[in-house]
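Please look at the model shown below and keep it in view while reading.

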Amino acid sequence: MSTTPETALPAEETAGHGDINVGVTGASGSGEATASATRITPGNALRPEDIALAVSRGSAKPSEDAAEFALRLGDDALILAQRLGHWISRAPELEEDVALGNIALDELGHARSFLSYAGGALGEDGTARSEDDLAYFRSEHEFRSAALFEQPNGDFAVTIARQFVVSYYQFELYRRLMSSTDSTLAGIAAKAVKEVDYHRDHSAQWVLRLALGTDESRQRMIHAFKVVWPFVDELFHDDELTGRLSEAGAAPQPSSLREDFDRLTGEVLAEAELEVPNVQPTPGGGRRGLHSEHLGYILAEMQVLAREHPGASW
């Protein structure tokens with residue numbers, strides 16, 4: 001597989017967005033809380049529409065490795081968005097209904113961008129695939145999301161623990177991905193990193209609030225991390241794909257993110273008077289298409305309308 005980036009977008013296709021690094025270079029925990037996938041952020045990003053247009057014109061064509069990597073990140077974000085969406089009208093307070101809904105929309109925006117780019121690699125029939133093709137017309141074994149993202153929401157504390165881990169992992173990943181030799185991956189990351197910085201703050205505040213609240217909320221937070229932590233290691237596994245991308249300067253090795261992840265999450269846990277759970281890691285396998293039964297239920301609900309009425313529009 002080639003890792004040669006062939007992704008530079010012509011100036012006319014990025015007009016209005018400017019330098020993708022404007023406003024995000026050196027993001028370190030003070031990102032714009034107003035940045036959101038539900039809004040256009042000129043000067044900072046490539047939108048899904050930009051990427052789909054460039055792919056359709058043939059001016060943004062990912063290598064096979066870049067497409068597979070984008071598929072992994074897109075699937076992570078897509079499945080998490082589905083999980084978070086279930087909290088709408090069920091969160092413990094109205095403001096949190098809105099917050100979790102907005103985070104889900106941000107993740108959906110990331111998924112759209114990564115899947116639009118991944119679809120630029122030709123399928124078995126020799127044609128490119130759209131974000132909808134990849135979201136709605138793949139089976140479980142074709143998804144490349146890590147196991148953490150498909151885990152059930154559990155109670156509110158479990159959802160917060162999962163979001164805490166995910167947001168700190170994604171921030172470290174996207175922060176490094178902004179320097180990718182693949183300009184499209186760098187452009188997606190430039191927008192996503194600001195949004196995920198807000199997700200970090202949101203989840204960290206809830207960890208502190210629950211862990212330092214009542215005896216009940218503290219016990220639930222402790223239990224939540226024990227539930228979530230076995231799935232953390234998979235996020236940082238290196239493999240042949242990430243090795244080739246790292247050598248080409250297109251993406252970091254996942255293991256290189258672990259030190260900063262441990263340090264920053266450890267600071268929050270220490271403030272919350274919590275310890276990193278001593279639990280046995282799960283073997284993982286999501287990056288190879290090996291999933292739990294949970295993903296099947298998610299896809300059944302997510303894909304049913306598109307599969308019942310393929311090609312329908314409204």
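Is Ser89 buried or exposed? At 59% relative accessibility, Ser89 counts as exposed, where exposed means over 50% relative accessible area, buried means under 20%, and partly exposed lies in between, for a 1.4 Å probe and protein chains only. Ser89 sits in the loop between H2 and helix H3 (94–118), and its phi is near 80°, a positive value in a residue other than glycine.

The model is predicted, so that local features need pLDDT of at least 70 and side-chain atom pairs count only at pLDDT 80 or more, while totals for chains, interfaces and linings use all residues. Residues are numbered from 1 along each chain as its sequence is written, and side-chain values use heavy atoms, with hydrogens and water left out.

**The whole protein**

The protein has eleven helices and zero strands; helices (H or I, at least four residues) and strands (E, at least two) are DSSP runs, numbered from the N terminus. Of the 314 residues in the protein, 53% are buried. Contact means heavy atoms within 4.5 Å, and among contacts between residues at least 6 apart in sequence, 82% join residues at least 24 apart.

Glu273 is placed in the loop between helix H10 (258–271) and H11, and it has a positive phi of about 60° although it is not a glycine. Glu273 is exposed, with a relative accessible area of 57%. Leu208 is buried, because its relative accessible area is 14%. If its neighbours within four places in sequence are left aside, Leu208 is in contact with Val268, Glu271 and Ala272.

**Helix H11**

Helix H11 (residues 293–308) has 16 residues and reaches 22 Å from its first C-alpha to its last, close to the 22 Å expected at 1.5 Å a residue, the expected span being 1.5 Å times one less than the number of residues. H11 bends by about 40° at Met302, where the bend is the angle between axes fitted to the seven residues ending there and the seven starting there. Met302 is also one of the buried residues of H11, which include Leu295, Ile298 and Leu299. Among the elements that cover these buried residues are helix H2 (64–85), helix H4 (131–136) and helix H5 (147–150).

The table sets out two pairs, with axes being lines fitted to C-alpha atoms over the stretch in contact, and angles running from 0 to 180 degrees between N-to-C directions.

| Pair | Angle | Axis distance |
|---|---|---|
| H2 and H9 (residues 240–247) | about 120° | 10 Å apart |
| H6 (residues 156–177) and H8 (residues 215–228) | roughly 55° | within 8 Å |

H2 and H9 are therefore oblique to each other, and H6 and H8 are likewise oblique, since angles under 35 degrees count as roughly parallel, over 145 as roughly antiparallel, 65 to 115 as roughly perpendicular and the rest as oblique. The crossing of H2 and H9 is left-handed, whereas H6 passes H8 in a right-handed crossing; a crossing is left-handed if the near helix is turned anticlockwise from the far one by less than a right angle, and right-handed if clockwise. Residues of H2 that meet H9 include Phe69 and Arg72, and their partners in H9 include Leu241 and Leu245. Between H6 and H8, the meeting residues include Phe164 and Val165 in H6, with Met221 and Phe225 among those in H8.
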